[in-house]
Amino acid sequence: MWPVIIAVLVTLVLVLVVTNWRQSDHEIDQKVAHLYELADPQYERVMGVLMGPAIVPGNRVTALCNGDEIFPSMLEAIGGAQCTITFGTYIYWSGDIGRRFADALVERARAGVKVHVVLDWLGSTKMDASLLDELTRGGVEVERFHPLRWYNLGRMNNRTHRKLLVVDGRVGFTGGVGIADQWMGHAQDPDHWRDIHFRVDGPVVAQFQSAFMDNWIKTSGALLHGEKYFPRLAPTGTQRAHVFVASPAGGKTSMHLMYLLSIAAATHSMDLEASYFLPDPLMIKALVAARARGVRVRILVPDKHLDSETVRVASKREWGPLLQHGVEIYEYEPTMLHCKMLILDRHMVSVGSTNFDLRSFALNEEASLNVYDTEFAERMTQVFAEDLRQAKPYTYATWQQRSRKQRIEEVIVRPIQSQL
């Protein structure tokens, strides 16, 4: 009897692993050709018609650096809500900032504002049950994305990594910040992380709301609509933008392809801040091809404060060919660099939840804001340059001098690289 039970359990585990690790048969497997530049109208036609939602004009995008700027702006927007708040995040942990957000959301719910929150089940496991109960008792509608249930076992590897806050359907926030004390402060020491978030006013906020609703429907089965969620939005600025989303349930490869197409269109410069940098073979080819066209490629990653040792080990294995072809890699020294920002040709800026790895490109639910505005891209390039001043270059000679132990570790973690 026991051998049969053990065989059944082993079979179930294998099925679970295969179900969660399997990839679609329809993956991008050919290098994307360079056919046009980012400034060419054809690039924006591809981005807005072939790839994703339309690029809409009339927006005002404000960059917020670190918790000292990000959290007060988000809490002020929440405190001013009159009709609705929709909030989705991957990380929500207990602590001072978690308490402040909970208090702000409950206060608005008790004032009659409709408050809807989607928390990723895995990302919010460090959230005290009492804090979650306080939200629900206070009138906040909370849903957990893919909680640990038997009917979700085949989707356990699919997490919502999106970070979206929309207030009254008019003000949107997105970027890399989670709700945890590590993001407080101004990146002043290793206990306080470096990150960037955007506040957005204008017509593109409707796309923020749409991205939230995608997760809300999946978790609650309910559709939120009407003027309180999707009001008429007048122009508030001059920037053109759209919100890119990706999900294994649909449009799985869209984020991957957006990055590949954008890099293929670059002709002058590519600046990338990547908290987790694990390029797949096709992305490596895209970066090498960009260098061959004369594009200066600068990549900023965390140094010793990276919060995942496994990612650190797996990432460096792929750096050799990039460094050989002139890709510049820098390691940010002061603290954990959690930014996810791409700047191309000082024309296009992409910021959101998307990491530069296969998990974000194929497994997670992600959302990123693309802004097409030269003046704004120049400002973000200055932000990148300031971060770069606090980093050290990682050279090809350094890569060649990796220890035998490190090389063995790289081989060991390679089979799970797509899951990191």
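**Cores, cavities and selected residues in a predicted model**

F87 touches M74, Y92, F101, L105, H116, V117, V118, L164, L165, I179 and F212, leaving out residues up to four places away in sequence, where contact means heavy atoms within 4.5 Å. The model is predicted, and local features need pLDDT of at least 70, side-chain atom pairs count only at pLDDT 80 or more, and totals for chains, interfaces and linings use all residues. Residues are numbered from 1 along each chain as its sequence is written, and side-chain values use heavy atoms, with hydrogens and water left out.

**Nonpolar cores**

- The largest nonpolar core holds 48 residues, of which F71, F87, Y92, F101, L105 and V140 touch the most other members; such a core is a set of buried Ala, Val, Leu, Ile, Met, Phe, Trp, Tyr and Cys residues joined through side-chain atoms within 4.5 Å.
- At least two residues of this core come from each of helix 3 (66-79), strand 2 (84-89), helix 4 (96-110), strand 3 (114-120), helix 5 (129-137), strand 5 (164-167), strand 6 (171-175) and helix 9 (309-316), the helices (H or I, at least four residues) and strands (E, at least two) being DSSP runs numbered from the N terminus.
- Helix 4 gives the most to this core, with seven residues.
- Another core, of 45 residues, lies apart from it and has M47, A274, L282 and L344 among its members.

**Cavities**

- Four cavities of 30 Å³ or more are found in a search of the whole structure, a cavity being a set of points, on a 1 Å grid over the protein atoms alone, where a 1.4 Å probe fits but cannot get out.
- The largest cavity contains about 70 Å³ of space, a volume being the space filled by probe spheres set on the points, which are joined across faces, edges and corners.
- Its lining consists of S275, Y276, F277, V301, P302, L306, V311, R312, S315, K316 and W319, where lining residues have an atom within 4 Å of a point.
- Strand 10 (296-302) and helix 9 each supply at least two residues of that lining, and the largest share, four residues, comes from helix 9.

- N66 lies in helix 3 and is buried, with a relative accessible area of 9%; buried means under 20% relative accessible area, exposed over 50%, and partly exposed in between (1.4 Å probe, protein chains only).
- The side chain of N66 makes a polar contact of 3.3 Å with the side chain of R194, a polar contact being a pair of N or O atoms within 3.5 Å in which, within protein, one must be able to donate a hydrogen and the other to accept it, while residues adjacent in sequence count only if both atoms are side-chain atoms.
- S353, in the loop between strand 13 (348-352) and helix 11 (358-363), is buried at 0% relative accessibility, and its side chain is joined to that of E366 by a polar contact of 2.6 Å.
- Beyond its neighbours within four places in sequence, S353 is in contact with residues including H161, R162, K163, G175 and K340.

- Y43, E44, V46, M47, G48 and M51 are buried in helix 2 (residues 41-51), and their cover includes strand 8 (239-246), helix 7 (254-265), strand 13 and strand 14 (366-372).
- At the start of helix 2, a side-chain oxygen of D40 reaches to within 2.8 Å of the backbone nitrogen of Q42.
- E107, in helix 4, is partly exposed, with a relative accessible area of 39%.

Methods:
1 Å grid on protein atoms, 1.4 Å probe; cavity = no way out; pocket = protein on both sides within 12 Å on 5 of 7 lines; lining within 4 Å.
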